[in-house]
Amino acid sequence: MLNVATETPTVKSFEFIDELCSKGEPGQFIMVWIPSVDEVPMSLSTLNPEGKQAAVTVKRVGEATEALCNMKTGDTIGVRGPLGSNYTISRAGKVMLVGGGTGLASLAPLAEKLVKETTEVTFLMGAKTKDELLFHERIKSLLAKSKGQLMVTTEDGSFGQRGLVTTLAETLLKQNEKFNMVYTCGPERMMQTMFLLADKFNVSFEASLERFMRCAIGLCGTCVIGKYRVCQNGPVFRDRQLHEVTDEFGLWRREFNGAKTEI
Ligand SMILES: Cc1cc2nc3c(=O)[nH]c(=O)nc-3n(C[C@H](O)[C@H](O)[C@H](O)COP(=O)(O)OP(=O)(O)OC[C@H]3O[C@@H](n4cnc5c(N)ncnc54)[C@H](O)[C@@H]3O)c2cc1C
């Protein structure tokens, strides 16, 4: 591991050298092996093919992420990937990115790629509190150099506008601004709301989904959603695919033992 950076009280980024991962596309993920603990899926949060570097950004939620967050520069991890589908790059025009929590991990490299295509980026970033805002400075300085804009919401009003990021997104969509695409990654209820809004305002839509994952190569079926496997057909799904799984998307998912749990 090349570098470990503390992003928020519960989130750290881990930078490493791996040529294949550094050439991944925004939206793709890798399986990170934490020796003697587990192997878990993580989005690529930095893509630097020139330096052959990549990174993942990890929230401490359980055994594997706790062990990873205790690792230091120089420790060894294993990586398998890049895997899965990526966001479609909208070349030119105007797009909206809506992110919450560690969903920002996959949207940050997407924004970095979009601005190179001279696409106009409106980035809406939501968090519960100011402390939990992820990549605020990174996105702010990126968009300051382009025609983009960054807007922030916090649920407690400690930074930016008070409230939910989806409320702000709806306001912008209602203002008659024509967006070519809405991209989203974050809590699934948030993504489901954005899916309904994009449909209502007739804007193309892509979302990056999370499901429990084991093999990550389409064999075990742990990550099924309807007829799709998130590891192979996703994690980034287009609107037409999500229309086929509306009885699951935002509502429930399967645990490792196959049991259905409400989201
Ligand atoms: C394609 C993909 C990309 C991901 N990218 C990131 C990322 O960039 N950063 C990040 O912090 N996390 C990401 N995750 C989620 C991450 O893989 C899980 O948080 C991790 O596997 C939890 O492992 P654990 O042993 O620490 O926790 P566990 O003890 O296994 O679980 C702790 C809690 O997290 C929940 N959980 C565990 N795995 C998942 C999952 N796959 N989906 C939803 N909830 C889960 C459990 O229900 C439980 O409540 C991603 C997941 C997928 C499928």
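Residues are numbered from 1 along each chain as its sequence is written, and side-chain values use heavy atoms, with hydrogens and water left out. Because the model is predicted, local features require pLDDT of at least 70 and side-chain atom pairs count only at pLDDT 80 or more, whereas totals for chains, interfaces and linings use all residues.

Helices (H or I, at least four residues) and strands (E, at least two) are DSSP runs numbered from the N terminus, and two strands are taken to pair if DSSP finds at least two bridges between them. Six strands form an open antiparallel sheet in the order S1-S2-S5-S4-S3-S6. Strand S1 (3-8) and strand S6 (78-83) stand at its edges; each has a single partner strand, so one side of each is left without a neighbour in the sheet. From one strand to the next, the twist averages 35°, where axes are lines fitted to C-alpha atoms, for helices over the stretch in contact, and angles run from 0 to 180 degrees between N-to-C directions. Strand S3 (residues 29-34) runs antiparallel to S6 and is joined to S6 by four bridges, with Trp33 opposite Gly78 of S6. Helix H3 (residues 104-116) packs on this sheet through contacts with strand S4 (38-48) and S5, its direction making about 25° with that of S4; contact means heavy atoms within 4.5 Å.

Val58 belongs to strand S5 (residues 53-59). With 0% relative accessibility, Val58 counts as buried, a class defined as under 20% relative accessible area, against over 50% for exposed and partly exposed in between (1.4 Å probe, protein chains only). Leaving aside residues up to four places away in sequence, Val58 touches Thr10, Val11, Lys12, Phe14, Met42, Thr65, Leu68 and Cys69. The C-alpha atom of Val58 is separated by 25 Å from that of Phe195, 137 residues apart along the chain.

A further open sheet comprises seven strands in the order S10-S9-S8-S7-S11-S12-S15, with mixed pairing. Strand S10 (161-162) and strand S15 (236-238) are the edge strands, each pairing on one side only. Three bridges connect strand S12 (residues 204-208) with S15 in the antiparallel sense, and Ser208 has Val236 of S15 as its bridge partner. Helix H4 (residues 136-144) packs on the sheet, where it touches strand S8 (120-127) and strand S9 (149-154), at about 155° to the direction of S9. Helix H5 (residues 165-174) lies across strand S7 (94-100), S8, S9 and S10 and runs at about 150° to S8.

With a disulfide defined as a pair of cysteine sulfur atoms within 2.5 Å, the count is zero. Cys185 is in no disulfide, the nearest cysteine sulfur being that of Cys223, 15 Å away; Cys185 is buried at 8% relative accessibility. The sulfur of Cys223 lies 3.7 Å from the closest cysteine sulfur, in Cys231, which is too far for a bond. Cys223 is also buried, at 3% relative accessibility.

The ligand is surrounded by 21 residues, the closest being Pro41, Thr57, Lys59, Thr65 and Arg211; a residue is near a molecule or strand if one of its heavy atoms lies within 4 Å of it. A nitrogen atom of the ligand is 2.9 Å from a polar backbone atom of Arg211, and a ligand nitrogen lies 3.1 Å from a backbone N or O atom of Ser43. An N or O atom in the side chain of Arg253 is 3.3 Å from a ligand oxygen.

How values were computed:
A polar contact is a pair of N or O atoms within 3.5 Å; within protein, one must be able to donate a hydrogen and the other to accept it, and residues adjacent in sequence count only if both atoms are side-chain atoms.
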